[in-house]
Amino acid sequence: GSEMCIRDSLASEENIFCNIISASTQKLSEEVYGSLLIGIPSAHFDRALKFISSVANVTAEEVDGNVQ
């Protein structure tokens, strides 16, 4: 899925390794929507957020450690 593409791109292009905590997608009409919750080492957070935000049609935001 696309979540693996983002994770793999982070690893191969930015040398940032992260954990997928949760992922889900759904198709509405012809559009695919979803969410991806990943754990990123804090030392790489700014660079990872910049990279993810540069992906077309992707919105990224930081959440704190109390996500349920």
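Residues are numbered from 1 along each chain as its sequence is written, and side-chain values use heavy atoms, with hydrogens and water left out. Because the model is predicted, local features need pLDDT of at least 70 and side-chain atom pairs count only at pLDDT 80 or more, while totals for chains, interfaces and linings use all residues.

Side chains of opposite charge can pair when their charged atoms come close. A salt bridge is taken here as a side-chain nitrogen of Lys or Arg within 4 Å of a carboxyl oxygen of Asp or Glu. Three salt bridges are counted by this rule. One of them joins the side chains of arginine 47 and glutamate 14, at 3.3 Å from N to O. Arginine 47 belongs to helix α2 (residues 45-53) and glutamate 14 to helix α1, so this pair ties together parts that are 33 residues apart in sequence. Helices (H or I, at least four residues) and strands (E, at least two) are DSSP runs, numbered from the N terminus.

Accessibility is sorted into buried (under 20% relative accessible area), exposed (over 50%) and partly exposed (in between), with a 1.4 Å probe and protein chains only. Arginine 47 is partly exposed at 36%, and glutamate 14 is partly exposed at 23%. A salt bridge also links arginine 7 with aspartate 8, at 3.4 Å from N to O. Arginine 7 has a relative accessible area of 29% and is partly exposed; aspartate 8, at 39%, is partly exposed. Glutamate 30 and lysine 27 form a salt bridge at 3.8 Å, N to O. Here glutamate 30 is exposed at 66%, and lysine 27 is exposed at 54%.

A disulfide is a covalent bond between the sulfur atoms of two cysteines. With a disulfide defined as a pair of cysteine sulfur atoms within 2.5 Å, the count is zero. Cysteine 5 is partly exposed, with 48% relative accessible area, whereas cysteine 18 is buried at 10%.

Serine 9 lies in helix α1, which spans residues 2-14. Its relative accessibility is 16%, so serine 9 counts as buried. Apart from neighbours within four places in sequence, serine 9 contacts Glu14 and Phe51, where contact means heavy atoms within 4.5 Å.

Glycine 34 is part of strand β2 (residues 31-39) and is exposed, at 61% relative accessibility. Glycine 34 touches Ser24 and Thr25, when residues up to four places away in sequence are not counted. Between glycine 34 and alanine 23, 11 residues apart in sequence, the C-alpha to C-alpha distance is 7.4 Å.
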